Amino acid sequence: MKKVSVIVPVYKVEKYLNKCLESLVNQTLQDIEIIVVNDGSPDNSQSIIDNFKQKYPEKIISIIKENGGQGSARNVGLEKSSGQYIGYVDSDDYIELDMYEKLYNKAITNDFDVVICDNFVVNEKNEKKYPECNYKNEHSILENAFLGKIAVWNKIYKRKILIENKIKFKEKVWYEDFAFTFKVMACTNKIAYIDKPLYNYLLRKGSTMNNNNIAKNTEIFDAFDDATNYLKEKKIYQKYYDLLEFNAIDHIYISTCVRVINAQASKKLKKEVMSKIINYMNKNFETYRNSKYIVSLSKNRKIIYDLLEKKRYLLIKLIFFSKNIVKKINLQR
């Protein structure tokens, strides 16, 4: 059994894959396996994987499968893994060279089930690099685990927890990270935190949403329904309701509404999707406006939340338009 298995789903990332895999094969923690799952990528990614497999046969495990989405690739990687702990890295990101040594050493100090770290955000030219903190002193470690970044890539998970609780990623959907991470953390209170940014999250300029895919934003409902049903089955729904509600505010009400507001789509379609979002919140989280965790929102997100409550959608769009202009100016300097 390896100490850590790192699962890397790959699809159309040949531009970034070398940097990602270099950061993994050079980890200071030697006793790891790197499971690279080619999810039917049509580009040159497999050639890059083959080169790393040839150079590091004792570390790289290469798997090729038909395209099934990131969740599917991660599930296949977990099935093939042997590590005591599981880590996930997105193939367009890269990590600090001591990330898994720090996370693993923290995990074994008290047999923790989940260890979380902070992250850097970088742009494609690596010109900007700023840390994101996932911990606030006024909350407990357990609360911070749910109030911080609900992502899979800034954590390691004890493999035993995933297997025993039958936790897998939903396949061929968006937002597969959320339900997976929320379920794992709800199954344990043995969570540790390292207040250092060890993961480098690449902020890529993605494709603009249009009339054909703006409605896919509502797939986030499925992720929350999945997490809700799981909590109810485990009879821990009431225990985690407040934290689930906060995440609905943060991810559905704020983030998803902002994406829809800024999408390039017809006013009619945007209005329909916004209506679905608000109806979902009112139906499933009736008391969200009274959430005790709203104060935990960052200053900027609190502003957006207040504007959403006042239906000042045009002002929100102008705020993000102005931010994008400033970013472009700064990058040109």
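User: Is Glu79 buried or exposed?

Analyst: Relative accessible area sorts residues into buried (under 20%), exposed (over 50%) and partly exposed in between, with a 1.4 Å probe and protein chains only. Glu79 counts as exposed because its relative accessibility is 54%. This is a predicted model, in which local features need pLDDT of at least 70, side-chain atom pairs count only at pLDDT 80 or more, and totals for chains, interfaces and linings use all residues. Residues are numbered from 1 along each chain as its sequence is written, and side-chain values use heavy atoms, with hydrogens and water left out.

User: With which residue does Glu79 meet in a salt bridge?

Analyst: Side chains of opposite charge can pair when their charged atoms come close. A salt bridge is a side-chain nitrogen of Lys or Arg within 4 Å of a carboxyl oxygen of Asp or Glu. Here the partner of Glu79 is Lys168, at 3.9 Å from N to O. Glu79 belongs to helix α3 and Lys168 to the loop between α6 (159–164) and α7, so the pair ties together parts 89 residues apart in sequence. Helices (H or I, at least four residues) and strands (E, at least two) are DSSP runs, numbered from the N terminus. Lys168 counts as partly exposed, at 48% relative accessibility.

User: How many salt bridges does the structure hold?

Analyst: The structure holds 19 salt bridges. One of them joins the side chains of Asp177 and Arg74 at 2.5 Å, N to O. Asp177 lies in helix α7 (residues 176–186) and Arg74 in helix α3 (residues 70–80), so this pair connects parts 103 residues apart in sequence. Asp177 and Arg74 are both buried.
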